[in-house]
Structure formats: structure tokens, C-alpha cells
Amino acid sequence: MSKNYYITTPIYYPSAKPHMGHAYSSIVSDFFARFKRIEGFNVYFLTGTDEHGLKIQRAAEKNKKEPLKFCDEISNTFKDLSKTLNLSNDDFIRTTEKRHHISVQNLWNILEKKGEIYLSKYSGWYSVSDEAFYAEDEVEEKNGVKSSKVSGSMVEWVEEESFFFKLSKWQNKLLELYEKNDKFILPKSRRNEVISFVKSGLKDLSVSRKSFSWGIQVPTNKDHVIYVWLDALTNYLSALNYPNTKDNLYKDYWPCDVHMIGKDILRFHAVYWPAFLLAADLPVPKRIYGHGWILSGDEKMSKSKGNILDPLEIINEYGLDPLRYYLLKEVSFGNDGNISKDKLISCINSDLANNFGNLCQRVMAFTEKNMSLQVPKNINFNEEDLKILNKFSDNYDNLIDYINNQNINSYMNFIVDQMFIANKYFNDQEPWKKKNNLKRLNSIIYTSLELIRKISILLYPVIPNSSLKALNIFNITEEQINIESIKNNKFLESGTNIKKIDILFKKVLSND
RNA sequence: GGCGGGGUAGCUCAGUUGGUUAGAGCGCGGGACUCAUAAGCCCGAGGUCAGUGGUUCGAUCCCACUUCCCGCUACCA
């Protein structure tokens, strides 16, 4: 089995500033990347920006800037976001980069040579104001004027020369792919949607545009710009130095283990993308995961409702790790989730401050006062100690399994359970009453320290900064973190000095 | 309209391949303790598991119907 793992976020479209949805996709992906790293995998974690298209071109004109310069600036806000979110991405790709253009044009050439792309005409009812084509049944006629049923805006019959990809040809092969690998698309409900969509019949896909110029040229016809998705999806290959299939990055990491995406772009990833790849005779990714949206209260965030929660503002006010923790733990992964300041505060206070933070604090304060900040010697675990410590080794395989199935919630539940158990253990053992029974006292403290270590390691993918702070007690550095070490009940070396710890999470006093 | 997912404690969600008292966290009420961020621990209140009917010795879980919510139903991404 290969010990390589490739995970990607969507590449973000920088026509507006980053929002919670971007942050969510990124944080979730980072969580998996970090876990697989401490599991010992060589991980390649990719994110980036999609800078193609009319919207960008227009926005640049409006700002009186060269498109590329405009993109530079706006792409940087996403690079900044990656840093703000503490993403551990190995690369950040931009579709305006030369390596990407080479990659896309190469893929195009292959598809064209194989006869998968042909020149024809695209025609339909087009609304200039909506910038969209409508099907016959989406259009109605009033007083001799055709207009869109949806928007009511006027439509006109437009015919435009366009290249087409033979998507219809791949319908059965795609269904076969979904059938053969029932986890190719997750969660399952999304998989059903895709299958029913494909079963309903695929038409060939228009994969070039003539109406604007900001994009990658069709290599064989300079009047055409390559369709955004054929362009954007290929980023996953460009970053691995495709078309150089002999490159180590490509050899090690393709096919991709998981494309982490939002449910809104599932079709492009689960239908078009594998079809392009099959047609080009390239391996398809192993999994597409379409996660839900983050809502504000029960509503979609929108300017008109004034319920937008800006990730940067949240991070400024409450810190990054609390946000990461909240999104990973409180959202039922795969479904839509919601966030509000009240819920975030409640989560910070109960889970992070009162439960885990206070656990660290009480154990460390006790160790400082009674063991002069040393890992106790002469350990003799009793049944109670072992029962609790062994939970980690007993559940090790389950934890790995959770991650491999993107079951974030079970992973988080396990951690939270251990926090409760550790606090209860410390309570029940009453070390403050055992000062005349040093042998027992030593074992209690040692066990408690081990619990903190194990929990902190599990928390590393979730809240890396806070986890590292906690592990710093034991002088464990980021490079030394290893998930397998949670199986070890005697990892800590007796007699070694441990460090004091600052308050990990401050409680938030709610005043509204 | 068609296809799919869902309606489980005040809130957010688990769960049940059908089987004795249906779970967790938060919130709420009470209690004992004091190492700790007045945290933690214990006890408790609170659910006709959307409704109706059916299959079954037995259904929250299977089937049918009803009702409500959500998603998909291609070229804006």
C-alpha cells in the first residue's frame, strides 16, 4: 500500500473576498492532511485560486487594472487566508500560472487528438443581463417577447461556434465507475444525486467560449477560450507537474485520494472531471467528497439578511483554533451546518475552556505543586488506570477508519469522550487526598499526564496551535507527533522535566 | 412534476441489520467535593423517536399512505 496521500481543496474564485464557505472547505481539508501526516503518510495538500473568466475580466476593467495584476492582488487575499487559517498546504496553485496553462493546453490537445473534442455550434436562448442560457422549457413568450421564466429578463436566440466534449459517450463508463466504487462520491445522498443525473442522460458539453478573452486559449483555435471547468479542474494535475507524468510528484500523488469540495460544485467534480480524465486515458481520483454549507442560524448567509459571519472577523475576535474546533465538531459533516456567535461561544467555553483547557490546567498545577514539574517515577498502573489509557489503543483502528471514511464526527466524539473521562478520572482518584500514598499518587499523575498527551495528539489535526502548546509541556515538537504513539501508555519518560502551561483557552464572557 | 434525503429531548445532533428502562453535548433543577479557568464530578426533570394504517410474538427502526422540510433535475460557477 502506498504511503502517499493527496488531498485538495477547491480552487477558489476570487471575484469577492473569502467567506465562511472557503474557510470551511480549507479547514476540513487541512484537518485530513494533518491527520494523514501524523499517521506517517507523505501528504500533498493543495489549494489555490481559479482566476478565469468574464467576471474577473470585468472586475479588473472596473478597477482599471490589467486582469493579471488584479488577479495577483485578489489571489493574495486567499493566500493570506491560508496563512490565517494555519493551513498546512504544500502548494498554492493559480490558474494564471504558466505551469497550469501548459497543463491545460496539453490535456486539451490530447482530448482533441483522441477525437473527444469537436467543433460545432452552441445555440440557445441567451439572456444578456443574466449571462446565462436557458432551455426551451425555461422560456416563456409574452406579447411576442421571449423571456426567462426564472428571472423574467429578455432572452434572444444565440448561435455561437463552440468546441464540444463528447460527454455523452462516457455516460455508461461513469455509471460503471460509480457502481464499482460506492465510495467514489460521498456522502451517499450526493452519490445518489449524481447517479440519477447521469442516468437521466448526458449531452455533449460545450467546452470553449468566444464571448470573452480572459482565460486559456484553445491551442488550435485562437478565437476560443477553454471552458472554465476544463481549465479549473486541471489544476489538480498542474500542481503535480502534469503533463510530465514521469515527474515524481505526479507519480507519487496521482490519482488523488480526496477532492474535498462543497456540494454546489459536485457535478463538475463527479461527472465532468472523471469524464475528461477517462477520455484522456488518465486515472480518475479515488474520492470526491461534497460537504454541506455553513449557514448562519438557519439561513444562508447573505448581505441582505445581514447575517454574514466573516471568518476573519470571527478569528480576530475569538481566535483561529476555536473556529476550527467549532466547524469540525459542531457541524454534522456532509450535511449543512450552522454557526452563530452564541453557539461558538458556548462551544469554546464548554469544550475548550472548561473541559480540555481546565483539564490541562488542573493536572499541571497539581504536578507543579506536588511533583516539582517532573514526570513521576515508580509507576504502577492499576486496573482503573489501564482501562482508561487503553481506550486509545483499543480504538486506534477505529480512529484511522473514521478518517479514511471522512467520518469527522465520530473522530471528534471520541476525543470529547476522552476529555470527559479524563476529568472524571482525576476527580474520582482524588490525588489531593493521596499525598501520603506516593506510589498511588505517582501513578495517578502519570496517567493524567499521559491522557493529556494522547488527547492533545488527537487534537493536533483539529487545533494544531493549541495542541502544540499542550504538547510543549512534554517537549514534544510538531515533527515528533505521531498518531501511533497514542497506543503507548508509557511514552513519557519518568523523571524528565515538564513545562508549565499558560491558560490554553480563555473563557468568553457573553454580554449580549 | 420526476428522482433522492430527512422529520428522534427546549437547542444541535447520534443511534437502532426490529427485541427488556431510546442516547450524547449544550441549556435547566438539585447535591457532594475543592486539584483547577467558580472549572470538574454525581443525581434529576424533559421524548406517544412527524401522523395514520399494515407486516410481526414484538416497530422509533420494515411496508403503504398522509403531512412538512431540504437537495438534484446540466452549460453562472
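Which residues form one aromatic cluster? I looked this up first. Y24, F31, F32, F35, Y289, F333 and Y411 do.

The model is predicted, so I kept its limits in view: local features need pLDDT of at least 70, side-chain atom pairs count only at pLDDT 80 or more, and totals for chains, interfaces and linings use all residues. Residues are numbered from 1 along each chain as its sequence is written, and side-chain values use heavy atoms, with hydrogens and water left out.

Aromatic pairs. I paired rings of Phe, Tyr and Trp (its six-membered ring) with centres within 6.5 Å; planes under 30 degrees apart are stacked, over 60 edge-to-face, the rest tilted. The count is 26 aromatic pairs. I checked W254 and W273: their ring centres are 6.1 Å apart and their planes at 75 degrees, so the pair is edge-to-face. W254 lies in the loop between α9 (248–253) and β14 (258–262), and W273 in helix α10 (residues 266–279), 19 residues apart. Helices (H or I, at least four residues) and strands (E, at least two) are DSSP runs, numbered from the N terminus.

Burial. Buried means under 20% relative accessible area, exposed over 50%, partly exposed in between (1.4 Å probe, protein chains only). W254 is buried at 7%. W273 is buried at 0%.

Backbone. I found a cis peptide bond joining W254 and P255, with omega about 5 degrees. Another cis peptide bond joins Y242 and P243, with omega about 10 degrees. Q406 is not a glycine, yet has a positive phi of about 55 degrees. Q406 is buried, at 3% relative accessibility.

Terms used. Chains lettered and ligands numbered in written order.
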